[in-house]
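Hi,

Here is the structure I promised to send over. Have a look at it first, and then read my notes below.

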Amino acid sequence: MEFISSATSGGSVSRHSVFKPDFYLQTATAIFERFYGPVENYHFLALLPSYLERKGSSLIFMIDHFISQDNSGHSGFYLNNLKELTLKINELKNSKKKTLLWGVSFALLDLAEKLEVDLSHALVMETGGMKGRRKEWVREELHAYLCKRFHVAEIHSEYGMTELFSQAYSKGNGYFLCPPWMKIVVRDINDPFEVLREGKTGAINVIDLANAHSCAFIETEDLGRSQGANFEVLGRMDNSDIRGCNLLIG
C-alpha cells in the first residue's frame, strides 16, 4: 500500500510505499500505548475532515485501527456532522472507558466556535494545523481557546507525517516526546550540516528507525527546537509547502 500526504494550495504530495502495513499498525499502537495506555481503554471520536476527504492518509489508517479495538460501537469518524459528534460526547460522559477526541486543528476550532462542548471527562488531541482552511493561530492561543470552550485543562498534540512510521506526542505543554527509536535533530536553516544545540531554533530532522523498509532519515521543513529528550514545533520554514501534521505556527 502507499501513504500519500495532503497537498494544500495545489502543492506537491509526498508518497511513502509501505512494505508491511501490519508493522505500521503495530508500531503506531506501541507508541500510543507507551504514552496513554491500552488502546482498548478508549472511545475514539475522530474529527478529521481534511483526511477523510482524500485517499492514502496514514493518520486515518492508524485511527481506523484504533477504532476497531473498541468493541462498544461508540468510536467512529466524523466529517462535518458536529451536532451528532456533540450528542455522542454527551452520551459517553458516564462511560467506564476514556473518551479521546482526535481532531485536525481547524475542525476543533470550528467545533469550539459553533458549539460549546463539555469535554471535561475526555482527552482532546489536536493535529494537522489549519491545512489552509483557516488563518494560522499561535499554538498557545489556540490551545487556551480550546481549553476554555471545551472545559479541559490541556490540549494534547500528535506529530507525525506521511514519510514517517512513528509519531510523537505532547501532553499539553507544547513539547513532544518520541519513542526510543525516533530521534529529533535540529539543523541550522542555512547550513544543513550544522547541528544546533538545545534551545536553538532551526529546521527539524527526524531519524525514524521504524522506517525499516524505507528512508529512516527525513529532512522536514518544520521549525523547532530541542530540549533534552523533548522537542517543540514552532511552525514552517518560509516558502515551504504547508503539509504534514501539526503545522501550527508558534
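First, the ground rules. This is a predicted model, in which local features need pLDDT of at least 70 and side-chain atom pairs count only at pLDDT 80 or more, while totals for chains, interfaces and linings use all residues. Residues are numbered from 1 along each chain as its sequence is written, and side-chain values use heavy atoms, with hydrogens and water left out.

Let's start with helix α1, residues 21-36. Buried residues in α1 include Y24, L25, I31 and F35; buried means under 20% relative accessible area, exposed over 50%, and partly exposed in between, with a 1.4 Å probe and protein chains only.

α1 packs against helix α3 (residues 58-68) at about 70°, with the axes 10 Å apart. Axes here are lines fitted to C-alpha atoms, for helices over the stretch in contact, and angles run from 0 to 180 degrees between N-to-C directions. That makes the two helices roughly perpendicular (65 to 115 degrees; under 35 is roughly parallel, over 145 roughly antiparallel, and the rest oblique). On the α1 side the contacts involve P21, Y24, L25, A28, T29 and F32, and on the α3 side S58, L59, F61, M62, H65 and F66. Contact means heavy atoms within 4.5 Å.

Now the aromatics: the whole structure has 20 aromatic pairs. Rings of Phe, Tyr and Trp (its six-membered ring) pair if their centres lie within 6.5 Å, and planes under 30 degrees apart are stacked, over 60 edge-to-face, the rest tilted. F23 and F165 form a tilted pair, because their centres are 6.0 Å apart and their planes at 45°. This pair bridges 142 residues, from F23 in α1 to F165 in the loop between β7 (156-159) and β8 (168-170). F23 is partly exposed at 30% relative accessibility, whereas F165 is buried at 5%. There is also a cluster of F32, F35, Y36, Y42, F44, F66, W102 and Y169, linked by ring pairs. Y36 has the charged end of K171 over its ring, 5.1 Å from the centre (the cut-offs are NZ of Lys or CZ of Arg within 6 Å of the ring centre and within 35 degrees of the ring normal).

Y36 turns up again around H156 in strand β7. H156 is buried at 6%, and its contacts beyond four places in sequence are Y36, L123, V124, M125, E126, S170, K171 and G172.

The other helix pair is α4 (residues 82-91) with α5 (residues 105-114), whose axes come within 11 Å and cross at roughly 80°. L82, L85 and T86 in α4 meet D110, L111 and K114 in α5. L82 itself is buried at 12%, and its C-alpha lies 8.9 Å from that of D110, 28 residues away in sequence. As for α5, seven of its ten residues are buried, with β3 (42-47), α4 and β5 (98-104) among the elements covering them.

Cheers

Technical notes. Helix = DSSP H or I, 4+ residues; strand = E, 2+ residues; numbered from the N terminus. Expected span 1.5 Å × (residues − 1).
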